[in-house]
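Thanks for making the time; I would like to walk through a few local features of one structure. Please have the sequence and the model open while I talk.

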Amino acid sequence: MNAIVVGCGGRARSWVEVCRRNKGVGIVAYVEPSPEQRAKFAAALQIPSEPLFVSLRDALKSVKADFVIDVTPPAVHEEVAMQSFEAGLHVLGEKPISDDFAAAKRIVAASERYKRTHMITQNYRFGATPRTAHRLLKRRVIGKPGQVAIGFYKAWATRTGTHYTELPFMFVKDMGVHHFDLMRYVLAKEPVKVWARTWNPPWGWHKGDAAHTAVFEFTDNLMVTHHACACCVGKQTPWNGEWRIDGPEGSLTWEEDKLFITYEYPAALEKSRREVPLDTMPVSGQDAILAEFLAAVKEAREPECSGRDNLKSLAMTFACVKSAQEKRTVEMAEIFG
Ligand SMILES: NC(=O)c1ccc[n+]([C@@H]2O[C@H](COP(=O)([O-])OP(=O)(O)OC[C@H]3O[C@@H](n4cnc5c(N)ncnc54)[C@H](O)[C@@H]3O)[C@@H](O)[C@H]2O)c1
């Protein structure tokens with residue numbers, strides 16, 4: 001299938017590499033309005049000038065493609081999605097669907113109206129740790145989980161002057177959506193409400209709040225706390241964060257991306273703590289996303305992480321921001337309006 005890569009910044013580079021190692025995909029055009037970015041990108045990836053376009057409209061007039069990989073900033077996603085769907089193309093869109101929830105809903109509605117496949121790149125859940133944890137929890141290895149604590153501490157977005165450091169609530173919105181989507185996937189439950197508090201540690205380099213605690217209530221009274229800091233200069237967690245899932249029969253923890261099942265009380269006869277080998281995956285991360293997207297298009301079915309489903313993960317970021325701003329618990333239903 002033929003793809004157009006729209007937006008030639010940092011993330012697009014890895015998408016080009018992923019496409020180049022996937023035999024089922026050919027990139028027929030690249031779109032980038034900034035001449036400097038175009039030149040840098042072409043030089044770094046050894047792309048001749050012919051397939052480089054200034055706008056998606058120009059590219060659509062000149063090449064025949066099946067889908068778009070949208071790697072533009074979130075505020076541009078609606079424009080890219082609408083033009084692509086209208087032209088009959090499917091869209092593999094970088095997260096988040098949009099920086100505006102109403103726009104995100106319009107994008108999803110358009111994908112349904114035009115009957116085009118629309119998938120969001122929630123690559124975190126396509127990793128071995130979450131896949132194995134999801135499978136183990138389904139098998140009830142610790143009984144029915146009742147509470148979860150997730151810690152996430154990073155020196156994140158260290159290049160100042162980007163939208164990541166200049167705009168408000170970027171950590172919750174940009175990184176939060178990965179972890180919130182992981183919660184929905186790993187726990188196989190949906191969020192009902194959230195209380196969140198955000199703040200900015202005094203030594204940080206982000207203009208917006210770079211730290212938060214969010215307490216989610218999921219279906220079945222499952223309580224999930226997410227505590228995080230984007231200007232952490234001390235011990236860093238992995239990108240997945242450190243997880244502790246507690247049930248009536250023990251705990252499942254992710255420690256440095258390794259999984260452990262622990263039964264400590266009452267003392268078990270056998271050793272109570274063991275590391276669980278991670279499931280092997282033929283492909284993971286972006287490669288797995290691309291494989292899922294291509295399969296969904298071919299089979300004319302809804303992909304995992306479809307835009308429709310991903311609205312529920314995105315809504316969690318908007319609910320957190322609303323809760324922090326209004327200093328109250330926010331029901332997820334309020335975000336869907
Ligand atoms: N899934 C992940 O783990 C992950 C990681 C990094 C970034 N991202 C996402 O990827 C997207 C891009 O992020 P980035 O870090 O590459 O940003 P970036 O700023 O490096 O690149 C975006 C590029 O899009 C270009 N652009 C702007 N308007 C455009 C338009 N109308 N048409 C075509 N191109 C346009 C910009 O000039 C820029 O070159 C964001 O949504 C971001 O959240 C996801």
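Let me begin with a question: are α4 and α5 roughly parallel or roughly antiparallel to each other? What we are looking at is a predicted model, and I will keep that in mind throughout. The axes of helix α4, residues 77–86, and helix α5, residues 101–113, come within 10 Å and cross at roughly 10 degrees. Angles under 35 degrees count as roughly parallel, and α4 and α5 are therefore roughly parallel to each other. On the α4 side the contact is made by His 77, Glu 78, Ala 81, Met 82 and Phe 85, while α5 contributes Ala 103, Arg 106, Ile 107, Ala 110 and Ser 111. Sorted by class, this contact has six nonpolar, two polar and two charged residues.

Next, the ligand. The ligand is surrounded by 22 residues, and the closest of them are Gly 7, Gly 9, Gly 10, Arg 11 and Glu 94. Helix α1, residues 10–20, supplies the largest share of this shell, namely three residues.

Turning to phi, Arg 140 has a positive value of about 60 degrees although it is not a glycine, and its place is the loop between α6, residues 128–138, and β7, residues 147–153. Is Arg 140 buried or exposed? A residue counts as exposed if 12 or fewer other C-beta atoms lie within 10 Å of its own, and Arg 140, with 12 C-beta neighbours inside 10 Å, therefore counts as exposed. Asn 221, likewise a residue other than glycine, has a positive phi near 60 degrees and lies in the loop between β9, residues 211–218, and β10, residues 222–229. Because Asn 221 has 10 C-beta neighbours inside 10 Å, it counts as exposed.

Terms used. Residues are numbered from 1 along each chain as its sequence is written. This is a predicted model: local features need pLDDT of at least 70, side-chain atom pairs count only at pLDDT 80 or more; totals for chains, interfaces and linings use all residues. Axes are lines fitted to C-alpha atoms, for helices over the stretch in contact, and angles run from 0 to 180 degrees between N-to-C directions. Helices (H or I, at least four residues) and strands (E, at least two) are DSSP runs, numbered from the N terminus. Angles under 35 degrees count as roughly parallel, over 145 as roughly antiparallel, 65 to 115 as roughly perpendicular and the rest as oblique. Two residues are in contact if their C-beta atoms, placed from the backbone, lie within 7 Å. Ala, Val, Leu, Ile, Met, Phe, Trp, Tyr, Cys and Pro count as nonpolar, Asp, Glu, Lys and Arg as charged, and the others, Gly among them, as polar. A residue is near a molecule or strand if its C-beta atom, placed from the backbone, lies within 6 Å of it. A residue is buried if 20 or more other C-beta atoms lie within 10 Å of its own, exposed if 12 or fewer, and partly exposed in between; C-beta atoms are placed from the backbone.
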